[in-house]
Amino acid sequence: MPRSLAHPAPSPIGAAPGHALPIPASAVPTWLAAIDEWMAQPRTARAVILWLSVYLAVAANWPLWLELARIGGAPSVYMRSIGAMSLLLVAGTVALLSLTAWSRWFKPLWFAVVLLAAVVQHYMLAYRIVMDPSMLANAAQTDPNEVRDLLSGRMLLNVLLVAVLPAWWLWRVRIVRAGLWTHAWRNLALFAAAMAAAAGGGMAMNRELAPLMRNNVHLRYMLNPLATVYSAGAVALRPLFKHSRKLIPMTGGAALGASYAGQARPPLFVIVVGETARSDHFALNGYARDTNPELSQREVLSYRNVHSCGTNTLASVPCMFSPIGKVAFEARKDDYENLLDVMQAAGLAVFWIENQSGCKDVCNRVPHAAAVDSLPPAVKAALCDGDECLDDALLNGLDARLAALSPERRAKGVVLVMHQMGSHGPAYYKRSSPEVKEFKPECQTNALAECGHAELLNGYDNSIRYTDRFLARTIDWLKSQSKDYDTAMLYQSDHGESLGEYGLFLHGVPYSFAPEVQKHIPLVAWFSDGMRQREKLSNHCLQGDLDKPYTHDNLYHTALGVMDVKSPSYKPALDMFAACRNGGAA
């Protein structure tokens with residue numbers, strides 16, 4: 001009988017050796033018994049974390065190894081890169097886990113690290129993402145409905161393939177006991193040795209690693225699980241320093257302009273914050289498919305050369321409403337009051353309606369509500385799956401929302417902001433209603449790798465068609481208000497989306513090396529006749545600007561210009577429509 005099978009079976013992870021009955025040798029294949037015997041051998045906690053570090057480098061870092069092979073091209077190049085990165089990865093993981101190499105009671109924590117690495121590898125392989133702090137922060141704000149969309153049978157299989165073997169080993173292995181001080185000095189020695197190995201290896205291979213990491217910054221966020229632990233730590237610690245950030249006022253001097261004196265009708269301006277829409281999938285911008293059948297009948301202005309501030313909602317939405325622009329926003333040490341604060345300070349009625357995962361602090365100081373909250377039960381049943389609703393929920397009861405605003409402020413003017421669910425992936429098929437699903441068959445799963453590229457495009461393009469209809473209905477609602485208001489709408493997506501180009505899916509790649517499709521976004525504007533006259537806008541001039549380059553930096557100043565709100569922070573050069581006012585020519 002094999003030696004390991006003659007002993008009682010170990011207890012579950014984290015428990016002391018138990019008294020389970022021995023397994024009959026005849027019931028276990030010889031090779032399995034040999035593996036089980038090896039796994040059950042007593043080992044120090046440091047030996048366990050050494051083996052786990054090597055295992056994770058091999059089994060949970062395939063996105064990194066494949067990316068190095070892609071970058072290197074020839075084996076003679078990428079094998080050297082893989083060797084160098086392997087040393088850094090193993091040494092770094094050993095250094096991290098050496099802090100936990102104390103006793104058998106740390107088995108659950110070791111397994112949690114394995115499970116984390118397995119889950120992260122699945123998403124890196126499935127969606128070609130990297131685990132930088134921005135991605136972790138965005139993931140931390142994902143609501144339960146979005147989490148549900150990201151779960152799949154393929155995810156379970158991929159996680160099990162990585163996690164089952166170490167789970168079995170951690171269950172069987174017996175950890176050698178030692179005194180507290182013995183553990184302490186040995187762990188410290190292991191930590192120092194691992195750090196020395198990483199530093200020494202990095203210096204010895206600097207000629208290989210320096211240009212590789214400088215030219216491919218994303219590689220540092222593919223070291224699994226090191227990058228995830230680092231990024232999670234950065235996100236977790238960020239609130240601890242938030243108290244030192246002060247709110248810089250931007251509302252000083254905000255006032256309504258001359259157009260409000262004796263106005264016949266107050267202005268009503270709707271800003272639609274889109275989600276995950278690509279400019280190149282709008283038929284208005286030249287896309288071959290008819291994704292804009294409704295807007296094409298509404299005399300809209302569609303700008304074809306617009307880029308986002310970020311590649312995820314958490315980065316883009318606060319930035320697009322900021323007065324300081326992308327560069328200053330990303331380097332800021334303090335927070336700033338935003339566009340909505342200035343509009344409200346000028347005396348206008350401001351309201352934010354949410355159909356996503358939150359306004360990312362933009363609407364904190366103005367009235368706001370979730371679209372799902374006020375829906376009648378029958379409407380909610382038709383439009384929503386739990387708390388996740390189609391964007392038509394934003395329009396439901398909009399007359400009542402408008403009427404509920406402060407009469408004094410409403411008499412001056414109204415700014416409504418609607419934050420869409422839009423084309424949020426990976427469950428694109430959920431983002432459109434049956435009557436707009438023109439492109440079939442569409443991908444009916446959130447595991448995008450299980451769908452063909454054509455099905456994936458069908459699902460995404462149907463979501464764009466739904467956004468098209470939603471925006472058209474928004475314009476129609478604004479037209480219905482024209483007897484009481486001069487109306488306008490500005491739609492702008494927060495970021496784009498990868499749909500398999502270069503093997504990438506979804507969004508969130510760090511901006512500096514994100515593909516164009518994650519940054520190139522649609523922007524659509526519409527003005528009623530009353531608003532055009534109020535603004536003295538030249539239609540010929542506006543039509544001539546559709547190919548000019550714009551970014552999220554323009555939104556703050558353009559919105560102030562549309563609403564004729566005077567502020568020291570306003571920059572006419574960044575107002576998209578400034579040159580076309582008062583009959584201006586292109």
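**Contacts, burial and salt bridges**

Reader: Which residues does His-307 touch, not counting residues up to four places away in sequence?
Author: This is a predicted model, in which local features need pLDDT of at least 70 and side-chain atom pairs count only at pLDDT 80 or more, while totals for chains, interfaces and linings use all residues. Residues are numbered from 1 along each chain as its sequence is written, and side-chain values use heavy atoms, without hydrogens and water. With contact taken as heavy atoms within 4.5 Å, His-307 touches Tyr-511, Glu-516, Lys-519, His-520, Ile-521, Tyr-550, Thr-551 and His-552.

Reader: Is His-307 buried or exposed?
Author: His-307 lies in strand 6, residues 301-307 (strands are DSSP E runs of at least two residues, helices H or I runs of at least four, numbered from the N terminus). Buried means under 20% relative accessible area, exposed over 50%, partly exposed in between, with a 1.4 Å probe and protein chains only. Because its relative accessibility is 18%, His-307 counts as buried.

Reader: How far apart are the N and O atoms joining Arg-431 to Glu-388?
Author: Arg-431 is in the loop between strand 12 and helix 18, and Glu-388 is in strand 11. Arg-431 has 2% relative accessibility and therefore counts as buried; Glu-388, at 8%, is buried. They form a salt bridge (a side-chain nitrogen of Lys or Arg within 4 Å of a carboxyl oxygen of Asp or Glu), and the closest N and O atoms are apart by 2.5 Å.

Reader: Which residues form a network with Arg-469?
Author: Arg-469 forms a salt bridge with Glu-435 at 2.7 Å. The network of salt bridges links Arg-469 with Asp-392, Glu-435 and Arg-473.
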